[in-house]
Amino acid sequence: MTVLCGDKLKKLAAALISLSLVLLSGCIRSEDKVEKLNILASFYPIYIMALNITDGVEGVNLQCMAREQTGCLHDFKLSTEDMRSIEKADSFIINGAGMEGFISDVVGRVDGLNIIDSSVGIELLASGHNHNDDKHEGHDHDENEYNSHLWVSVANCITQVENITEGIIRLDPKNETKYRDNSNRYIEKLRNLKNKMEESLADISNRDIITFHEAFDYFAEEFDLNIVSVIEREPGSEPNARDLADIIDLVNETGVHALFVEPQYPETAADVIAAETDAQVYTLDPGVSGDMDKDAYIDIMNNNLKVLKNALS
Amino acid sequence: MDGIYAVMDFLLPFDWAEYDFMKNALLAVLMLTPLLGFTGTMIVNNKLSFFSDALGHSALTGIGIGVLLGIDNYMISMVGFALLFALCITGIIQSETASSDTIIGVFSAVGVSLGVVLLSANGGFTKYSNYLIGDILAISQSELLLLAIVLAAAIVIWALIFNRLLLASVNADLASSKRVKVRLYNNLFVIMIALLVTISIKWVGIMIINSLLVLPAAAGRNVSSSMRSYHVTSVLFSMVSGVAGLISSFYFGTSAGGTIVLFAAVIYFITFFAGRKRKA
């Protein structure tokens, strides 16, 4: 190894300093000429709602923070890029109810950040509600006290759209009529969807289901389905042998014949259970990923309806 | 498969064996642990335990590459990357520019950091967390078949090259004087470790795989006096901790992989004191 001596060391230092100067100068902000309203949605379902509300309104720059493949924001780590998007945003629309576990950190760090919490006014279910499962009791549920998968119920989704609409109008009152028109039109579509689903699911014979993680609690409540058990309370908490055996026994005793997994997560544990029981595995989509399309949520729910009819009648 | 289940039902009239997933896991343990225990002896002999650890970590990058390429079966990208990784490490070690633990440390760091960057690029690192601790309970029948093939292939390869490999690892000079190509055998061995580690990772997990390679062999070394008894005890310890760990995890409701390693660790400490007493 050669030892760096005086001259060489100086040259190296000079090179390093100039390199960092070049990098720094690249970071200096180029001011936008046109005044734009930068709205940042925390993740996919929220983005789709905001997309419908701001549709066709000029000067709105809507972005989605988490990439569309991310799925739920469980244990989401903010990247440097995410922090930058948040700082640049005029408003940050969140799902709320603990979905954005990182939000308390962000609030302290970014001055004057306008946050629109879409969960206001929704009656929250406790995490682990309606399952006789004491495995997670005694845990310190800092941010996961409530089940935060609100939007999976269409009624909640409507409330969220209303909250977001009010929030955006407060921010940009001059376009109020446009936002309201868009919002009303979308809510109308959602109401139709809800009615249609309620009618179709009114006469199914078997209402007992097992889900993969607790994304479907609000959904089940809305459409009167009975979630007998949840395979993984949180994604990544693999069931151990005891849990698997208990669920298998439960399925055999109660005659549940539908296990619902989500397209965003691999389905190994559900496969194990299905292999040993008469139950079959179906895919229900909680709508946390998909096309960046205005009707994506409605399409996903229509698809879920088909799967449910198929699985439960 | 039904035939095997029927035999197991007859031999194992216990409530844990009523479930097919436990039967599958038991079969997997019975095939994996002897393989890991045997390979472990060579790893401990050649002071390669840090190396196999690094290979395990490289699996993260392998999965990341698989996700990036859109491959459904990450095993392909994991095995591919681990082979490249292993040969790079041995290549650089053989060039003797730095001590081997430094080089392995550097590569291990690259494997982990690149893996984390690739996997969290899509925001959802948690989705892959089951690769960290493995999921032997979810092993499928086709995967069991794959394991059986790997086991058979490993036995054949060991039978063919074991003596020369052992000679090359115990005394390189003697080996070259007998015209054994030391470098070739070292590379072969490294490739075998890479294959074994990456194939097992889906079921054993990145954080646990190395313990299963090192602990039984280290325990065997504590109590054995000959090469033969060393291999036999290592395989035996590995299988005992595998089976005991799996079954207790069922009754205690604990993670299977972790319980297996704890059993292996307990055996290690028992043999440590037993071995000391004997020597004293």
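Helices α6 (residues 176-201) and α10 (residues 296-312) of chain A have axes that come within 11 Å and cross at roughly 0 degrees. That makes α6(A) and α10(A) roughly parallel, because angles under 35 degrees count as such. This is a predicted model, where local features need pLDDT of at least 70 and side-chain atom pairs count only at pLDDT 80 or more, while totals for chains, interfaces and linings use all residues. Residues are numbered from 1 along each chain as its sequence is written, with chains lettered from A and ligands numbered from 1 in written order.

**The helix pair**
- Axes here are lines fitted to C-alpha atoms over the stretch in contact, with angles running from 0 to 180 degrees between N-to-C directions.
- Helices are DSSP runs (H or I, at least four residues), numbered from the N terminus.
- From α6(A), residues including Leu193(A) and Met197(A) meet α10(A) residues, among them Met301(A) and Leu305(A); contact is C-beta atoms, placed from the backbone, within 7 Å.

**The two domains of chain A**
- Chain A splits into domain 1 (37-194) and domain 2 (202-312), with bounds from an automatic or database domain assignment.
- Their C-alpha centres sit 24 Å apart.
- Domain 1 of chain A puts 31 residues into the contact, and domain 2 of chain A puts in 26 residues.
- On the domain 1 side, α2 (44-53), α5 (154-171) and α6 of chain A each give two or more residues, and α2(A) gives the most, with five residues.

Terms used
Angles under 35 degrees count as roughly parallel, over 145 as roughly antiparallel, 65 to 115 as roughly perpendicular and the rest as oblique. Two residues are in contact if their C-beta atoms, placed from the backbone, lie within 7 Å.
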